[in-house]
Every structure is written in C-alpha cells, then in structure tokens.
Amino acid sequence: VDGGEEGVFIKQPWFFGDGGVVEEPLTKGSEWKVWSTDYVKYSVVNNKYSVSFDDIATDEATPLDITAHLFLKIKEGKSPILHKNYGKEWYENNIKEVFSKHVRNFVSMHDMRSLISERDIYEDIEKTLKDDMTAYFEELSKDKEFPVDVVNVVIDKAKPNNNVLEE
C-alpha cells in the first residue's frame, strides 16, 4: 500500500481453512498471501465525494445547477470493519442517495435569488448537512459499525441554468 492507504485481505480458500475478511489491515508495504486471497485498497485520508445537480428545483420551481461536496475519512485501522460491514461500494450503497436527498431538501426550501446572492445561507446549510450526515453515520453504526467520519461539507454557489439566464 502507499501512504494514506490501508489494504484489506479477503481470504477465499479452495479446499480448507476459514474464509472472509482478515481483521488486521495492511498499513505499510506489501505482504505475501495465498493466490486465492482477494485484496482491496482503501484511502484513509480525507476523500471528496461530489454530487452535481442539473435543474434542481427551488421553492418557486426555478431550475438551478449546484454541486455539493462531502469530505469523508475512514478511521485508521478500521478499513476491514468497513469492508466486512458495508462492502467495497460503501459510499454508493449507503451514503450517496442520502446526501443527495439532504441537498435537494435544502435547495427546495429557498428561492433562486437567495441561493444566488446570499452566501450565509450556504454556511448554515453546510453545518446542518455535516450534522445530519454525522447523525446518519451514528444511526448506521447502531446496526453495524460504520467507521467513517464526516470531515466537512461544501456547497458550491448555485447557478441558474441557461434557459433561466435567457429569460
């Protein structure tokens, strides 16, 4: 593995032995394993996940374009738990749609003029979204540990689409 990465081994024995996720991650260098063992790398530094919306509706049904960024960090030494509990596609399967829903709800509560001209709206919603996503992660952890921290949320300034600009 490179710096800022952890490796997770998944044993897949053919004849004898136990299979499954190895509880101890590979944190530096490399390691020899049986050829049937699978291997997945996870980045344990801050990672940015972006969701772009085209023609998202404001409270007055005016379409806007906006991009939201969610910065997440896998807790060091916990990548095997993440893989075992939520799989390799943990973001796509558990986070992306929930985050998108929260952003859509935010946009639908404000009018176009406010979203385009008032920056303090974004500061409030970024804090609210961070708190909401942190609470969601805690809720996920009640069922199975979800070892990921919300580092930050950033919402780019909304832009009216071309049809609205022409109007």
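1. A search of the whole structure finds eight salt bridges, a salt bridge being a side-chain nitrogen of Lys or Arg within 4 Å of a carboxyl oxygen of Asp or Glu. This is a predicted model, in which local features need pLDDT of at least 70 and side-chain atom pairs count only at pLDDT 80 or more, while totals for chains, interfaces and linings use all residues. Residues are numbered from 1 along each chain as its sequence is written, and side-chain values use heavy atoms, with hydrogens and water left out.

2. One of these pairs joins K142 to E139, with N and O 3.4 Å apart; both residues lie in helix α5, three residues apart, about one turn of the helix. K142 is exposed at 65% relative accessible area, whereas E139, at 47%, is partly exposed (buried means under 20%, exposed over 50%, partly exposed in between, with a 1.4 Å probe and protein chains only).

3. R113 and E118 also form a salt bridge, at 3.3 Å from N to O; R113 is exposed at 53%, and E118 is partly exposed at 28%.

4. Helix α5 (residues 119–143) also packs against helix α3 (residues 96–108), their axes coming within 11 Å and crossing at roughly 150 degrees. Helices here are DSSP runs of H or I, at least four residues, numbered from the N terminus, and axes are lines fitted to C-alpha atoms over the stretch in contact, with angles from 0 to 180 degrees between N-to-C directions. The contact (heavy atoms within 4.5 Å) involves, among others, F99 and F106 of α3 and L129 and M133 of α5.

Definitions and conventions:
Helices (H or I, at least four residues) and strands (E, at least two) are DSSP runs, numbered from the N terminus.
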